[in-house]
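User: I have a chain open and would like to talk through its surface and fold. Could you begin with the surface?
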Amino acid sequence: MAETLTLTAPLIDVQINEAAPTTNYGTNVNLNVGESNANTNKMRALIKFDLSSLPTNAVISSVTLSLYANLDLSDNPRTYRVYRLKRAWTESGA
């Protein structure tokens, strides 16, 4: 029997900024992603969801992640990719 689990908000999220590697953005409201048009300042977002409600034997057949842009400063097309992060991280220590 298929069951749907909807996660409406991340457990924690943070952005990381290549130009400011020691700055913590854990309390920022927005998550900036992408890079400057000169390709000199890359920003990435880390998003962690609480999956503890999933049974240990769960088989995940489909996932949908919806993210919305509220501002686009680029002058070229963008492709955004989502990757699984395989190492532990914290909002204050990313």
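Analyst: This is a predicted model. The protein chain exposes about 8,300 Å², and carbon and sulfur atoms supply 52% of that area.

User: What share of the residues is buried?
Analyst: Of the 94 residues in the protein chain, 14% are buried, that is, under 20% relative accessible area.

User: And the charges, how far apart are their mean positions?
Analyst: The protein chain has 8 positive and 8 negative charges, and their mean positions are 10 Å apart.

User: Turning to overall dimensions, what is the radius of gyration?
Analyst: The protein chain has a radius of gyration of 16 Å, whereas a compact globule of 94 residues would have one near 12 Å. The C-alpha trace spans about 50 × 30 × 20 Å along its principal axes.

User: Which elements make up the fold?
Analyst: The protein chain has three strands and zero helices, giving the run β-β-β from the N terminus on.

User: In what order do the strands sit in the sheet?
Analyst: The order is 1-3-2 in an open sheet, with antiparallel pairing. Strand 1 (12-17) and strand 2 (34-35) each have a single partner strand, so one side of each is left without a neighbour in the sheet.

User: How many bridges join strand 1 and strand 3?
Analyst: Six bridges join strand 1 to strand 3 (residues 42-48), in the antiparallel sense.

User: Which residue does V14 stand opposite?
Analyst: V14 stands opposite L46, which belongs to strand 3.

User: Lastly, what fraction of the contacts links residues 24 or more positions apart?
Analyst: Among contacts in the protein chain with a separation of 6 or more, such pairs account for 63%.

Notes. Residues numbered from 1 in each chain as written. Predicted model: local features only at pLDDT ≥ 70, side-chain atom pairs only at ≥ 80, totals over all residues. Heavy atoms only, no water. Helix = DSSP H or I, 4+ residues; strand = E, 2+ residues; numbered from the N terminus. Rg over C-alpha atoms; globule rule 2.2 N^0.38 Å. Buried < 20%, exposed > 50% of the residue type's maximum accessible area, 1.4 Å probe, protein only. Contact = heavy atoms within 4.5 Å. Areas by Shrake-Rupley, 256 points an atom, 1.4 Å probe, with all protein chains shown as cover. Lys, Arg positive; Asp, Glu negative; His and termini not counted. Charge placed at Lys NZ, Arg CZ, Asp CG, Glu CD. Pairing = 2+ DSSP bridges.
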